[in-house]
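Here is a friendly note to read alongside the structure, written for someone opening it for the first time. Please keep the view open and follow the points in order.

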Amino acid sequence: MLWRIDPAGDEPLYAQLVAQVRLALAHGELSPGERLPAARELATSLELNMHTVLRAYQTLRDEGVLELRRGRGAVVAASAGGDLAAAERAAVEQAVAGLVVAARAARLSTETTTTLVKEAMSR
Amino acid sequence: MTATPPTGAPRPDTRAEAWRPRARRAMAWPTAVGALLALGAALVAWSWSDELPGEVASHWSGAGAPDGFLSPGAFVLVFVLVAVGLLTLFLAIGTRAGSAASTRRLAAGGSVWSGGFLAASLLSTLAPQRGLTDVSQVMIPGWWTAAALLVPLLPAVAVALLVPGDPAAPATAPVDPGAPRAALRDGERAVWLRRTAGGPGLAVGAGAILVTSVLAVAFETWAMLAIPVLLAGLFVAMFAFTVRVDATGLTVRSALGWPGTHVPADEVLRASVTEVSPFADFGGWGWRVGRGGRVGVVLRRGEALLVERTEGRSLVVTVHDAATGAALLNTLADRAR
């Protein structure tokens, strides 16, 4: 998969990696059982400190998305929700597209929109 | 008047032929070494002609008695002709398709191995027949055959390692503006990582390992078990690769660490998606050399990443989602200019 890091972005670097794994799972680019790159390899290619990648992997493990095993590296957990049915995924993506249109029309910032989504999800 | 190409149009790489003298230099002495090994063995065999019977055993179908006989002169001639054929083949591969250092290394190693293998086979077949009058029951120990196959690998690998690698050849022209790009913000870093593994070649490998094992066991030539062991190592190395595109360029490396190759970002002329037909384009699966010296890491039919590189080189890797890798590589190659 494609990994990107924007050092000028607002989000911390490790959080950018966490978000990409979640997105890849939601889009079906990653599936349970799949192995993520070794932290050292990812860190070298993205010119990051290895601890940044490890922190991202540990965060994802704490969320139950990854399993970290000595010798096997980081593997997407069976319960990670990558087995989202295509129809379900399409429905969510369509709803998000609608939200984005509405938010843009209302000139809401990305931060405000995601805050609204988070609030709605925690209700 | 000199015609100047319109700015922005892809210019032909003026150094597309720069590898040819390099390939001739790289192939000259390994071909000589292979020829000397084969010729030396032929001369030694010739010096034995007084001690050899009028007809020597020249062929065995199994572990039993020989079933083919030739005069010593004809036998040596057959070996010399096979040596000429193999050395010509490797020389042709090295000098006509050796645009990449990996190809020159393979061809140079192949020349030395074939010379060594033929020399060892010739001498190990004739040596036990010296001073005999009846060769109808003559036997060659199984481990001699195994040694004739395996021992020449050592000088072959040494010679392959002595062949110089490709010198740095940064592109002078910009990356093809018509090639796809990835949307990266300024200062944003990116890496594309994929694994590519398995494919039909693995089944061929499993079959070859099974057949050579069964033959070695059936004929009780235990030394020949070294062949399936070597094949197993070869197939493990050839059928699982990681593909990485990052700021340094493209890296393709076997899961074992070897073989592998790296295309620096500043040598990329154009990355794109192509369709590969393993047999039509590369004659099979694995680490291959195709038409025009194109190097292929070919594990299956279909979608592949094609990277055109300076000095007439190109590389193809069968990998899924090649479009993402190609777009990112073009973008990172832009940055490396």
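1. Let's begin with chain B, which has nine helices and 11 strands. Please keep in mind that this is a predicted model. Along its principal axes, the C-alpha trace of chain B spans about 80 × 50 × 30 Å. Of the 337 residues in chain B, 39% count as buried. If you look at contacts in chain B with a separation of 6 or more, 69% of them join residues 24 or more positions apart.

2. A word on confidence comes next. Chain B has a mean pLDDT of 90, and 95% of its residues reach 70 or more. Residues 1-9 of chain B are another matter: pLDDT stays under 50 there, and the model has two contacts beyond four places in sequence for this stretch. Where pLDDT is low, the predicted coordinates should not be read in detail. For the complex, the predictor gives an ipTM of 0.77 and a pTM of 0.84.

3. Now to the domains of chain B. Domain 1 covers 19-162, while domain 2 is made of 192-199 + 239-336. The C-alpha centres of these two domains of chain B lie 35 Å apart. Eight residues of domain 1 of chain B are in contact with eight residues of domain 2 of chain B. On the domain 1 side of this contact, α2 (72-97) and α3 (101-126) of chain B each supply at least two residues. By class, the residues on that domain 1 side of chain B are four nonpolar, four polar and no charged.

4. Next, please find the open sheet of five strands in chain B, which has the order β7-β10-β11-β9-β8 and mixed pairing. Why is one side of β7 and of β8 in chain B left without a neighbour in the sheet? Strands β7 (268-276) and β8 (286-289) of chain B stand at the edges and each has a single partner strand, so one side of each has no neighbour there. On average, neighbouring strands of this sheet are turned by 20° against each other, direction ignored.

5. Staying with this sheet, strands β9 (residues 295-298) and β11 (residues 313-318) of chain B pair in the parallel sense over three bridges. As an example to click on, B:Val297 has B:Val317 in β11(B) as its bridge partner. Helix α9 (residues 322-336) of chain B packs on the sheet and touches β7 and β10 (302-309) of chain B. The direction of α9 in chain B makes about 170° with that of β7(B).

6. Chain A also deserves a look. Its domain 1 runs over 13-76 and its domain 2 over 86-121. Taken over C-alpha atoms, the centres of domain 1 and domain 2 of chain A are separated by 25 Å.

7. Finally, where do the chains meet? The contact takes 13 residues from chain A and 12 residues from chain B. On the side of chain A that touches chain B, the elements giving two or more residues are β1 (2-5) and α2 (39-45) of chain A. β1(A) gives the most to that side, with four residues. The side of chain A that touches chain B has nine nonpolar, one polar and three charged residues.

8. β1(A) pairs with strand β3 (residues 189-197) of chain B in the antiparallel sense, over four bridges. Within this pairing, A:Trp3 stands opposite B:Val191 in β3(B).

Terms used. Residues numbered from 1 in each chain as written. Chains lettered and ligands numbered in written order. Predicted model: local features only at pLDDT ≥ 70, side-chain atom pairs only at ≥ 80, totals over all residues. Pairing = 2+ DSSP bridges. Axes fitted to C-alpha atoms, helices over the stretch in contact; angles between N-to-C directions. Contact = placed C-beta atoms within 7 Å. Nonpolar A, V, L, I, M, F, W, Y, C, P; charged D, E, K, R; others polar. Domains from an automatic or database assignment. Buried ≥ 20, exposed ≤ 12 C-beta atoms within 10 Å, placed from the backbone. pLDDT = per-residue confidence, 0-100.
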